[in-house]
Amino acid sequence: MSDSPSSPYTPGNPDVIVLDAKGLRALAHPVRVQLVGLLRKHGPSTATRLAERLGVNSGTASYHLRQLAAAGFVEEDTGRGNARERWWRSIHRSTYFEGIDLVEREPEVALAYLQSVAAVHTLRVQRAVNEFQTMPRPWRSAADMSDWALRLTPEETVRLRDELHDVLARYRRDVPEEAAVAPEGAERVGLITYILPELDAPVPGADPAGDPAGDPDDDPDGGGGTAGTGPS
């Protein structure tokens with residue numbers, strides 16, 4: 001699992017940090033996930049400025065930045081800082097989480113990390129939705145919020161994931177060397193993918209009698225396949 005397409009972001013790439021147990025524990029907090037994301041998106045910043053973006057006090061931001069530095073996610077930008085104010089920068093562009101072994105060894109920490117990532121993704125989606133009405137029409141037309149229901153084996157699901165990553169890897173990344181040659185009108189576009197096994201779902205057409213899982217009223221989020229709901 002990574003926060004960017006797989007091809008440029010595989011283990012061994014110096015721009016990628018591969019989570020181990022220590023890194024997992026360091027990131028198992030929504031504020032820390034957001035701090036790393038902000039430094040990667042906007043570049044070096046101070047605890048005060050980051051705190052303003054997150055709506056927390058600067059002391060809280062400073063504490064979490066120090067914890068992230070101890071775990072190797074961020075470092076002090078000594079070329080910008082001064083005696084009164086420290087600047088921080090992200091060391092890597094992407095985080096890679098190969099979750100199977102870590103989930104088994106550190107189940108509670110892994111769950112806390114994944115919940116933190118999900119919470120940050122939710123905030124990003126809500127922020128984008130709140131900005132839809134003020135976006136230029138071409139960008140409103142290009143945006144999309146969709147979900148599909150498929151019936152796959154684990155092997156087919158892995159193949160689907162890898163194919164999606166391959167498609168994403170064909171497109172320009174939002175990194176300095178590629179942004180510098182982007183065509184006029186190009187902006188940062190966030191794409192968040194989830195592949196979510198729903199192992200409690202009955203087989204379509206099966207008799208749900210006597211099976212509480214077959215009652216749609218028991219499933220509050222539905223997942224009924226709302227594809228192509230991009231506002232225009």
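I started with Arg 161, which counts as partly exposed at 37% relative accessibility (buried is under 20% relative accessible area, exposed over 50%, partly exposed in between, with a 1.4 Å probe and protein chains only). Arg 161 forms a salt bridge with Asp 162, their closest N and O atoms being 3.3 Å apart; a salt bridge here is a side-chain nitrogen of Lys or Arg within 4 Å of a carboxyl oxygen of Asp or Glu. Asp 162 is partly exposed too, at 34%.

A note to myself: this is a predicted model, where local features need pLDDT of at least 70, side-chain atom pairs count only at pLDDT 80 or more, and totals for chains, interfaces and linings use all residues. Residues are numbered from 1 along each chain as its sequence is written, and side-chain values use heavy atoms, leaving out hydrogens and water.

Next I asked how many salt bridges the rule gives. The count comes to ten.

I then looked at Arg 80 and Asp 77, whose side chains meet in a salt bridge at 2.9 Å, N to O. Arg 80 is partly exposed at 47%, whereas Asp 77 is buried at 6%.

Glu 177 and Arg 93 were my next stop, and their side chains form a salt bridge at 2.9 Å, N to O. Glu 177 lies in helix H9 (residues 176–179) and Arg 93 in the loop between strands S4 (87–90) and S5 (94–96), so the pair ties together parts 84 residues apart in sequence. Helices (H or I, at least four residues) and strands (E, at least two) are DSSP runs, numbered from the N terminus.
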